[in-house]
Amino acid sequence: MRGHRAKLVALAGPVYGELLSGVIASVIGTFWVAGLGGAAVAAVTLAGTVENLLLGLVLVVSSGTTVRLSHALGADDRAAAGRTARAAWRLCLAGSLALAVPGFLLRDRIAGGFLDGEAARLAAGYFAVAFPAFGLFFAQRVADELFKGTGDTRTPMRIALLSNALLLALDPLLVLGPGPLPALGVTGAALALTLSRAVALGVTLLLRRRHRLPAPAGGLGTSARRILAAGAPFGLDFTARMGVGTAQLGLVAAFGVPAVAGYGVGYRVLLIVTMAFYAVRQAAAIEAARLGGAGDTAALRTLGRDTARLAGVLGAGAAVLCAALAQPVTALFTADEAVAAHSVGFLRMAGLYLLPYALVVAVGGVHQATGAGRPLVAAVLLGLTAQLGAGAALSGPLGVNGLWAGMTVGAVVQLGLMRLLTGRRVAAGKGGDAGEAAEERRVLEQAA
């Protein structure tokens, strides 16, 4: 068991560094744009929201690529691995065109559908750069997952650090234009992001040349379908959580601006700890797919248990930290007493939410990589529905704290349903890819 926990930590550590660097760069980038006024902040916020929505579709290809590549390499089938890589690039090209072309042509309508006046004009200008460059974002995600599928999570982390370091340098130069350079404002922010991604992708593709896999002709259609089938649960999970997050913000807004601001501060702090859960999720999915391909059911069963234990430790530790450090950490972000009170209350209540949430997220990686993605998505959707319902009901007697309690209810429901629905799938004899042993499917119940 120690060996599996060590492998999970070794895989998850660089993933966490990759995710954390992105958040830090985003926060600092927002700081530069904030100096341009509220309309600029609104425009960049809308652009980030749209990209997050599109990320749900990107994850279908990128996450499916990781799972299928790890499975093929675990089975020592390098031909299948090569076909997976080729199919992933073709899906990337098709997806980039399908999303970027309509987005560019409809940029004014998209901006005007959410904003008006100066903010809408600035958002449309941002989209004029961002949509044509969307293929860089998609390609980088696919290239990163091709590394991760081979068990290499350090290279994507290093590339992310390079990209975000470039962004930190380019943002003030292109947004504010100090010295002889003209100030490009919001458009400069889009150009800075595009340039940083272009350089990072160029370096990535140079590194990928050393790791090309043989890809026999034919079979790309089948490989593409398997990528989409494996990645669909990851994309649906992410999109559902994004949608519920938006609905949750609407419920919080009923309690006034200080509540929204406090929730925003607390949520950003919470991101720092919850990203560790998602790092473990990626690590567990990579390792589970590899072991599934190798047919090592005993190791796969142990991996599920170790993933749950590691997630439990992380969730409990995060809960203690949020409760103990809520006040001093909040003070780093705001001096407004009303906002700080809401942020502290949110972080302390989050202590009840983090443990079940960590288990759902991390153990979900094992389920998704071993063929139980559909019941897991069903559990997530029902749990998120319970979260909104419980939050709305409890907010009456408990005020805004009822919304935080609803998050805990939703996470507990997700955890219970995950165990129930994946257990039923095992009992019904349903599991991963056709042709895999029935014994391999039984590990799904053990993982929860």
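**Terms and their grounds**

Author: In this predicted model, residues 24 or more positions apart account for 81% of the contacts in the protein chain with a separation of 6 or more. A contact here requires heavy atoms within 4.5 Å.

Reader: What makes the protein chain as compact as a globular protein of its length?

Author: The protein chain has 16 helices and 0 strands. Its radius of gyration is 22 Å, close to the 22 Å that the globule rule gives for 448 residues, so the chain is as compact as a globular protein of that length. Along the principal axes, the C-alpha atoms fill a box of roughly 60 × 55 × 35 Å.

Reader: How much of the protein chain counts as buried, and how much surface does the chain expose?

Author: Of the 448 residues, 50% count as buried, the criterion being a relative accessible area under 20%. The protein chain exposes about 19100 Å², and carbon and sulfur atoms supply 66% of that area.

Reader: Why is the pair of F134 and F138 called edge-to-face?

Author: The search of the whole structure finds 10 aromatic pairs. For F134 and F138, the ring centres are 6.3 Å apart and the planes stand at 80°. Pairing requires centres within 6.5 Å, and edge-to-face requires planes over 60 degrees apart; the pair therefore qualifies as edge-to-face. The two residues are 4 residues apart in helix 6 (residues 134-149), which means they are separated by about one helical turn.

Reader: How do you know whether F134 and F138 are buried or exposed?

Author: F134 has a relative accessibility of 4% and F138 a relative accessible area of 1%. The cut-off for buried is under 20%, so F134 is buried and F138 is buried as well.

Reader: Why is the pair of Y278 and Y357 called edge-to-face?

Author: The centres of the rings of Y278 and Y357 are 6.4 Å apart and their planes are at 65°, so this pair is edge-to-face. The pair links distant parts of the chain, with Y278 in helix 10 (residues 257-294) and Y357 in helix 12 (residues 337-369), 79 residues apart. Y278 is partly exposed because its relative accessible area is 25%, in the range between 20% and 50%. Y357, at 7%, is buried.

Reader: Which residues have a charged end over a ring, and at what distance?

Author: The charged end of R107 sits over the ring of F104, 4.2 Å from the centre. R208 lies over the face of F147, at 5.0 Å from the ring centre. The distance limit is 6 Å.

Reader: Which residues touch the most other members of the largest nonpolar core?

Author: This core has 56 residues, and those touching the most other members are L270, F277, F346, L347, Y353, L354 and W404. Helix 10 gives the most to this core, with 15 residues. Y353 touches L270, M407, T408 and A411, leaving aside residues up to four places away in sequence. A second, separate core of 47 residues includes V50, A80, L201 and A224. Y263, Y267, F346 and W404 form one aromatic cluster.

Reader: Why is S63 called buried?

Author: S63 lies in helix 2 (residues 38-74). Its relative accessible area is 11%, against a cut-off of under 20%, so S63 is buried. Not counting residues up to four places away in sequence, S63 touches E145, G231 and F234.

Methods: Residues numbered from 1 in each chain as written. Predicted model: local features only at pLDDT ≥ 70, side-chain atom pairs only at ≥ 80, totals over all residues. Heavy atoms only, no water. Phe/Tyr/Trp six-rings, centres within 6.5 Å; stacked < 30°, edge-to-face > 60°. Buried < 20%, exposed > 50% of the residue type's maximum accessible area, 1.4 Å probe, protein only. Lys NZ or Arg CZ within 6 Å of the ring centre and 35° of its normal. Rg over C-alpha atoms; globule rule 2.2 N^0.38 Å. Areas by Shrake-Rupley, 256 points an atom, 1.4 Å probe, with all protein chains shown as cover. Core = buried A, V, L, I, M, F, W, Y, C linked by side-chain atoms within 4.5 Å.
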